[in-house]
Amino acid sequence: MATHHTACILCSRNCGLLVETDEHQFQKISGDKSCPTSQGYICQKAARLTHYQTHDDRLQNPLKRRQDGTFERISWEQALSEIAQHLNQIKSRHGGEAFAFYGGGGQGNHLGGAYGRQLLKAMDSYYLYNALGQEKTGDFWVNGRLFGKQNCHTTEDVEHTDFVLFIGTNPYQSHGIPNARDTLKHIRNDPQRTMVVVDPRLTDTAKMADIHLAIRPGTDAYLMAAMLGIIVQEGLHDRAFLDRHCTGFQAVEETLGKIPVDDFISHTELDADQVYKVARAFALARSACVRVDLGIQQTLHSTLNSYLEKLLFLISGNFGIAGGNNLHSVLVPFIGHTEEKNPNLIRSARYGMVPIAGIFPPNILPGEIDNDRDDRIRVLFVDSGNPALTIADSQAMDKAMRKLELLVVVDVAMTETARHAHYILPAASQFEKFEATGFNLEFPTNYFHLRHPIFSPLGETLTEAEIYTRLLEAMGVMPRRFPGLTWVAGAEPKLTRHVLYFAMLALKLGRHRDLAHCAPSILYRTLGKHYGRAASAITLLPLAMTYAAKNRIAVRRTGAKGNRFTLGMSLFERILNSPQGTAISEHRHEDVLKLILATEDRKVHLAVPELLKALSALEPPAEPDPEFPLVLMAGERRAYNANQIYRDPGWRKQDADGALRIHPEDASEYRLVDGARALCTTHNGQLEVVVKFDATTRKGFATLPHGYGMRYRGAAPNGPHLNLLTSSEHCDPMTYTPYHKYVPMSIRPCAVSVRAG
Ligand SMILES: Nc1nc2c(c(=O)[nH]1)N[C@H]1C(S)=C(S)[C@@H](COP(=O)(O)OP(=O)(O)OC[C@H]3O[C@@H](n4cnc5c(=O)[nH]c(N)nc54)[C@H](O)[C@@H]3O)O[C@H]1N2
Ligand SMILES: Nc1nc2c(c(=O)[nH]1)N[C@H]1C(S)=C(S)[C@@H](COP(=O)(O)OP(=O)(O)OC[C@H]3O[C@@H](n4cnc5c(=O)[nH]c(N)nc54)[C@H](O)[C@@H]3O)O[C@H]1N2
Ligand code: SF4
Ligand SMILES: [Mo]
């Protein structure tokens, strides 16, 4: 038995864990009190991590599809040389636009993404698709306009705030905020602090709130606009903050001044007095912050919602203060910035969609593959994602995957997407290699957690660093040896050695510019090999150097030592030697406006003309379609779902069916029986579900869970495969973010069993 520090990989919080293991398996899992972020906190999901590490769908060898659809085991050499040959052929015949990459990281693994994405450059393609493109790109786009860069991400200081407004999020189950359940309890138990939850369901979070606004689904734009209207019309906005730190308030004020507040509130079906009370209290609180998630991002007015939500904390001056919303520094840039004004901005071939934060929306992927244009996508790499289940309109994705000339899946498990692949490349699990995420979203102190491997890689599995480096070598885009780069590695002391190494690397890349896009793999093969199993973490070294150069004082405050050249290197060494995680910077609140904000004038640019126009043009909400009278929330976070990460249904202690939650009055109207099966019908398809009466759900609103529908061991789907019901056209017109939380649906009891799919 051995004891290790590691972290949970099931959601963006990546809580620190202390685990006891034997050679192959977890024996005991508990929260790690020495983890500087979570300090021992975990939720019920982490204790079941054995179901990720060991199960019957784990991949152990490279596989190749046979004509009859079954798979044969092949060697790494054969797999990679055949894929390399195919990629080179496609590139020379059809050019880079024939290639797309999907994923590159999940809830616990972003290091591999740096290696995988090199393929895009090697293929000369920009088509990066990622799950963030079906939830957060609207938010990123708004950030770009307000704060100068789409990767200026905002965080919320819920732990220290006097007033928190949760809109469309259920942190008690989905987390997303530090030590969610403890943080919520502290607020509930403190009479000086206020929690308001806007959600059509009386969720576990709403049950803890001072005020629950059980909003009519899809009407948050009216609520937030009404609150902004009240604040501005009553003069409760923070003039001093707006004058000092913002431009464009005049245009915003003009639009908000005209909001028909009472009409808008009536569209939400909320009590007007309560909305006035909340708006005033929010504006007048000593500190207040807004925390949102999919409940407003994956529903009607998605991008507008992201703007209004940010205006709430901005016009009330709750930005760059303790207890407010803040920007934070970033070590691993897992999202980028797409410059809208770039005249050479790439567009997707069929839909003409531009990337946001470097990401294209999954909603257009099936259509970009399944067409007869010369410039269609013909080759897809999927890494750390399961789009066959998780993107809208599974029927269309299925058809598109069959049209691909080459589909390669890099995963730890035989997923529904992998079953369509021509080649499956098995990755070592996240407990069998060094891994980390870029979810270090904290402010003012920011942390980073590089997890160390605690098991040997299963079977013939490899790290992503090794898989993609071998592939680039097999493609001939990167030499197998770098004689000029290895000799320096022997020089001592270590810091001098690194300075020398980077000087040589810069020289080499200067001479061979085409190698620059393989920089992670070159680092990995040269400097990395002196770090043993930590070789794949070597990409963090240049990132730590950039980070330290940009945030020198904040990094030094954490105790890191070094000069202009060496501070980043010592930060990297500290990250490497802190298996429980470590602080990487300690900012001051004024840094948000002085250092992290990316506009040239260091001001927030409040006016976003497209969205002010959309706000002025808001029509009253449409009445339900009599054919589909219910609103289905397709994808609820519950106690026993965790994206697609746990495949073995045996991990669930309850809710094995992933039941449809529906209000008892609706249920009796549609003649449904508690615990019996029913057939859901939407514009896109049909799905049989198990019904559960649930009075916490608003009338007219039903919910199905996210993270079910996997075919473990190739069996029938466990629980609802809910993207059979969703449509890729039902989406935000600007970003193509699907309206998963607002799917018009009808339901009837099921007499005879109908097969899903
Ligand atoms: N247990 C668990 N936790 C998870 C995950 C998981 O699979 N399981 N997944 C992780 C991931 S990838 C993400 S992105 C996050 C998402 O985390 P959340 O967004 O917090 O989770 P959801 O349950 O999808 O949706 C949040 C809430 O939106 C509400 N809602 C629906 N429609 C509306 C509406 O019109 N208006 C308002 N105001 N609210 C509405 C729902 O009732 C729900 O309570 O969770 C993460 N955490
Ligand atoms: N209808 C509906 N659809 C939704 C949502 C919804 O609410 N409703 N939510 C959306 C949201 S917010 C999200 S984030 C997406 C999530 O959807 P995806 O991004 O498709 O799903 P994940 O569960 O994150 O996929 C993780 C995959 O990574 C694999 N994996 C785990 N560890 C490793 C590793 O070390 N290396 C490699 N290469 N692979 C690994 C897992 O086996 C799994 O296949 O779903 C979206 N889809
Ligand atoms: S699922 Fe999220 S909140 Fe729960 S233990 Fe894992 S990382 Fe922490
Ligand atoms: Mo997500």
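A polar contact is a pair of N or O atoms within 3.5 Å. This is a predicted model. In it, a side-chain N or O atom of T390 sits 2.7 Å from an oxygen atom of ligand 2. H740 brings a polar side-chain atom to 3.3 Å from a nitrogen atom of the ligand. For Q298, a polar side-chain atom and an oxygen atom of ligand 2 are 3.5 Å apart.

How much of ligand 2 does the protein bury? Alone, the ligand exposes 920 Å², and the protein buries 97% of that.

## The shell around ligand 2

The shell holds 32 residues. T390, D411, E464, A634 and Q644 are the closest. By class, the shell has 15 polar, 10 nonpolar and 7 charged residues.

Two elements each give two or more residues to this shell: strand 16 (406-411) and strand 21 (630-636). Domain 2 (63-133 + 335-442 + 445-586) and domain 4 (630-749) each supply at least three shell residues.

## The second largest pocket

Where does the second largest pocket lie? Its lining takes residues from both domain 3 (154-327 + 604-615) and domain 4 (630-749), so the pocket lies between them. Its volume is about 470 Å³.

The lining comprises 24 residues. R216, A622, P624, V631 and Y742 are the closest to the pocket centre. The lining divides into 13 nonpolar, 6 charged and 5 polar residues.

Notes. Residues are numbered from 1 along each chain as its sequence is written. Chains are lettered from A and ligands numbered from 1 in the order in which they are written. This is a predicted model: local features need pLDDT of at least 70, side-chain atom pairs count only at pLDDT 80 or more; totals for chains, interfaces and linings use all residues. Side-chain values use heavy atoms; hydrogens and water are left out. A residue is near a molecule or strand if one of its heavy atoms lies within 4 Å of it. A polar contact is a pair of N or O atoms within 3.5 Å; within protein, one must be able to donate a hydrogen and the other to accept it, and residues adjacent in sequence count only if both atoms are side-chain atoms. Accessible areas come from the Shrake-Rupley method with a 1.4 Å probe; for residues, only the protein chains shown count as cover. Helices (H or I, at least four residues) and strands (E, at least two) are DSSP runs, numbered from the N terminus. Ala, Val, Leu, Ile, Met, Phe, Trp, Tyr, Cys and Pro count as nonpolar, Asp, Glu, Lys and Arg as charged, and the others, Gly among them, as polar. Domain bounds come from an automatic or database domain assignment. On a 1 Å grid over the protein atoms alone, a cavity is a set of points where a 1.4 Å probe fits but cannot get out, and a pocket is an open set with protein on both sides within 12 Å along at least five of seven lines; lining residues have an atom within 4 Å of a point. Grid points are joined across faces, edges and corners, and a volume is the space filled by probe spheres set on the points.
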